[in-house]
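Dear colleague,

Please find below the structure that I am handing over to you. The findings follow directly after it.

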Amino acid sequence: RAFKHVETLEKGLTITGKVLNDQGQAIANATVLMASRSFNPLPALTDESGAFRIACSTDVSANRQIPAMVVEAPGYAPAIQTVNSQAKPAPLEFHLTRGRDIACRVVDTQDRPVVGAWTVVELLRGEQDYSLWLEDTNERGEFRIPNMPDGDVRLTIGKLGYLAIRDHVVTASEKEVVITMKHALRASGTVTDATTGKAIPN
């Protein structure tokens, strides 16, 4: 017996816009992407005129959030705008300002560098869905936050054997940030049989 299945696909959003600097000049090769990975579209690059075009899902109810676009460009702080989920949203216009790098150093409680710690930064206040993985700390425990905006950002740092640091606030006025990680507690012991007193392996 033959079966037939028909499924209707709804047309998604096509979002267009331009990316400019604070002088109104076009920024080419800027990356445009969704702030939330739930929508999972491919990122787009701006052309020489700063224009972009990107397609995404219209199913806001499934993701329970309003879609938002983020723009990244080397040397500039990222910017974000929410998207009107109507059939033909108006073109977006982003004006990026210059960001700055901040040097950071991770040490233990004895001021020794913590090497190979992973680092994640939230560059946009209140946008937990958008974060950047930075380089691991080097042999001096150093790493850099690139393209930092004017406002505060939050850092999360971790390494095996240390207590993770979450939501460490870094202000734009800081020139160098030193973060201290504490060693994780280690517990050891033996599990024995209550009757025989012999150790229980595994």
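The side chain of Arg-98 lies over the face of Tyr-76, 4.2 Å from the ring centre. A charge is taken to sit over a ring if NZ of Lys or CZ of Arg is within 6 Å of the ring centre and within 35 degrees of the ring normal.

This is a predicted model, in which local features need pLDDT of at least 70 and side-chain atom pairs count only at pLDDT 80 or more, while totals for chains, interfaces and linings use all residues. Residues are numbered from 1 along each chain as its sequence is written, and side-chain values use heavy atoms, with hydrogens and water left out.

Overall content

The chain has one helix and 14 strands; helices (H or I, at least four residues) and strands (E, at least two) are DSSP runs, numbered from the N terminus. Of its 202 residues, 35% are buried. Here buried means under 20% relative accessible area, exposed over 50%, and partly exposed in between (1.4 Å probe, protein chains only). Among contacts (heavy atoms within 4.5 Å) between residues at least 6 apart in sequence, 54% join residues at least 24 apart.

Aromatic pairs

Two aromatic pairs are present in the structure. Rings of Phe, Tyr and Trp (its six-membered ring) pair if their centres lie within 6.5 Å; planes under 30 degrees apart count as stacked, over 60 as edge-to-face and the rest as tilted. The ring centres of Phe-52 and Phe-94 are 6.3 Å apart and the planes stand at 55 degrees, so this pair is tilted. It links distant parts of the chain, since Phe-52 is in strand E4 (residues 51–56) and Phe-94 in strand E7 (residues 92–96), 42 residues apart. Phe-52 counts as buried at 5% relative accessibility, and Phe-94 is buried with a relative accessible area of 1%.

The rings of Trp-118 and Trp-133 are also a tilted pair, because their centres are 5.5 Å apart and their planes are at 45 degrees. Trp-118 belongs to strand E9 (residues 118–122) and Trp-133 to strand E10 (residues 132–133), so the pair ties together parts that are 15 residues apart in sequence. Trp-118 is partly exposed, at 31% relative accessibility, whereas Trp-133 is exposed, at 63%.

Nonpolar cores

A nonpolar core is a set of buried Ala, Val, Leu, Ile, Met, Phe, Trp, Tyr and Cys residues joined through side-chain atoms within 4.5 Å. The largest one has 21 residues, of which Phe-143, Ile-145, Leu-155, Ile-157 and Val-170 touch the most other members. At least two residues of this core come from each of strand E8 (100–108), strand E11 (142–148), strand E12 (153–158), strand E13 (165–170) and strand E14 (176–181). Apart from it lies another core, of 20 residues, including Leu-13, Val-19, Val-32 and Cys-56.

Strand pairing

Two strands pair if DSSP finds at least two bridges between them. Four strands, in the order E3-E2-E5-E6, form an open sheet with antiparallel pairing. Strand E3 (44–45) and strand E6 (76–82) are at the edges with a single partner strand each, so one side of each has no neighbour in the sheet. Strand E5 (residues 68–73) is joined to E6 by five bridges, and the two run antiparallel; Val-71 is opposite Ala-79 in E6.

Strand E1 (residues 13–21) pairs with E4 in the antiparallel sense over six bridges, and with E7 in the parallel sense over five bridges. Lys-18 stands opposite Ala-51 in E4, and its bridge partner in E7 is Glu-93.

Two asparagines

Most residues other than glycine have a negative phi. Asn-29, in the loop between E1 and strand E2 (31–34), has a positive phi of about 65 degrees although it is not a glycine. Asn-147, in strand E11, likewise has a positive phi, of about 55 degrees. The side chain of Asn-147 reaches the backbone nitrogen of Gly-75 at 3.1 Å. Not counting residues up to four places away in sequence, Asn-147 touches residues including Tyr-76, Arg-100 and Leu-123.

With kind regards

Key
Polar contact = N/O pair within 3.5 Å; in protein donor to acceptor, adjacent residues only side chain to side chain.
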